[in-house]
Amino acid sequence: MAETNAAVNQTKNHPYYTPQVDSNGSSINADGSSSGVDDPIPVIDYSMLTSDDHNQRSKTMQDLQNACLEYGSFMVINHGMSDSLISRVYEALAKFFDLNEEEKKEYESNDPMDRIRWGKRDSDLVSSEFIKMVVHPNFHCPTKPAGLTEVLQECIKRLREVGIQLLRGISTTLGFEECYIEKRMKLESGCDFITPNDYPLRPYSENQLGQAPHYDPGLLILLLPGLSNGLQLEHYGKWINANPQPNSIVVSIADQIEILTNGKYKSVFHRVVLNNNVRRISLPLFIGPSLDTMVSPLPECVDEHHPPAYLVKTYKELLEANQYHEIDVKSCLKNVRL
Ligand SMILES: O=C(O)CCC(=O)C(=O)O
Ligand SMILES: [Fe+2]
């Protein structure tokens, strides 16, 4: 990709690489539009990660490493979740978002003890609706519509298995034993959220977004991206359209992997654009450490040329930074970068 700005000519794993796009919710494009570049994100064939064929497996590990270094995001195919399960998930979530507002408001409260929270992102710049739920170690879900709990439980069980296998792959690409990250982050009691999103059909203005540019907290985000496009990722100073294949899972590196790797694998800066013609429902799963886990650069990722670049904090402290509560699921990367 031809770049005009010398500052973006660095590779993504450069310690001083920072997104070269604005963070105020608008656009980087000279014409002020929110269009992105079609530069397909890498594809990882999940079935090859655990293949008995050594050559296939090591090629897939190499692809995974390149994807983590260069994009921080990739689409996973052959992940073992059936098309029919994915369709049932979208249908059940649509029924939830179609409930009347009074029923959804039951989950609107700001009580820090809540494990489910519904809300709207509603301004001239952004428009969407979400329902956040803590799903691990304990599963929380609205009681309506009937069947939502069962279908989400089935889907999240598989998404989590895929996520943990990918974290093993990532651990291997870093030269560690495959369960190293999983054990260190105490994933058995890890704190996972889902935040299904409903993006409206008709934007208020052409450039209204579904979600403003942001980083995600957690180790990995596994996204069921819905039936139309909308996710954009920052890549060397441009917004690129993720354009995932139908029923693939879009996986992105999130804040805690950036911290653990001391900045080698960067958390992905991303946003959501609205589609004029099609309603879009997406389902991200945030796989995170247990709340009491200290998150800091791994000793193996620190040396005299790579001094620690992040503060040491528990995952709970990180989630609660900026006066947010952990259920708010917000990044605080900028507060811990040294
Ligand atoms: O809906 C999407 O494509 C992305 C969602 C997202 O980034 C989020 O909920 O944090
Ligand atoms: Fe996100």
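The largest nonpolar core of this predicted model has 81 residues. Such a core is a set of buried Ala, Val, Leu, Ile, Met, Phe, Trp, Tyr and Cys residues joined through C-beta atoms within 7 Å. A residue is buried if 20 or more other C-beta atoms, placed from the backbone, lie within 10 Å of its own, exposed if 12 or fewer, and partly exposed in between. Leu220, Leu222, Ile249 and Val251 have the most contacts inside the core. Helix α5 gives the most to this core, with 9 residues. Nonpolar side chains tend to be buried together in soluble globular proteins.

Ile249 is in contact (C-beta atoms within 7 Å) with Met75, Val76, His79, Val162, Leu222, Leu223 and Leu224, leaving aside its neighbours within four places in sequence.

Helices (H or I, at least four residues) and strands (E, at least two) are DSSP runs, numbered from the N terminus. Helix α5 covers residues 148-173. Its 26 residues should span 38 Å at 1.5 Å a residue, and the end C-alpha atoms are 37 Å apart, which agrees. The expected span is 1.5 Å times one less than the number of residues. Buried residues of α5 include Leu152, Ile156, Leu159, Val162 and Leu166. Just after α5, Gly175 takes a positive phi of about 90 degrees.

Asn207 lies in the loop between β6 (197-199) and β7 (209-214). With 18 C-beta neighbours inside 10 Å, Asn207 counts as partly exposed.

Residues are numbered from 1 along each chain as its sequence is written, and chains are lettered from A and ligands numbered from 1 in the order in which they are written. In this predicted model, local features need pLDDT of at least 70 and side-chain atom pairs count only at pLDDT 80 or more, while totals for chains, interfaces and linings use all residues.

Key. Two residues are in contact if their C-beta atoms, placed from the backbone, lie within 7 Å.
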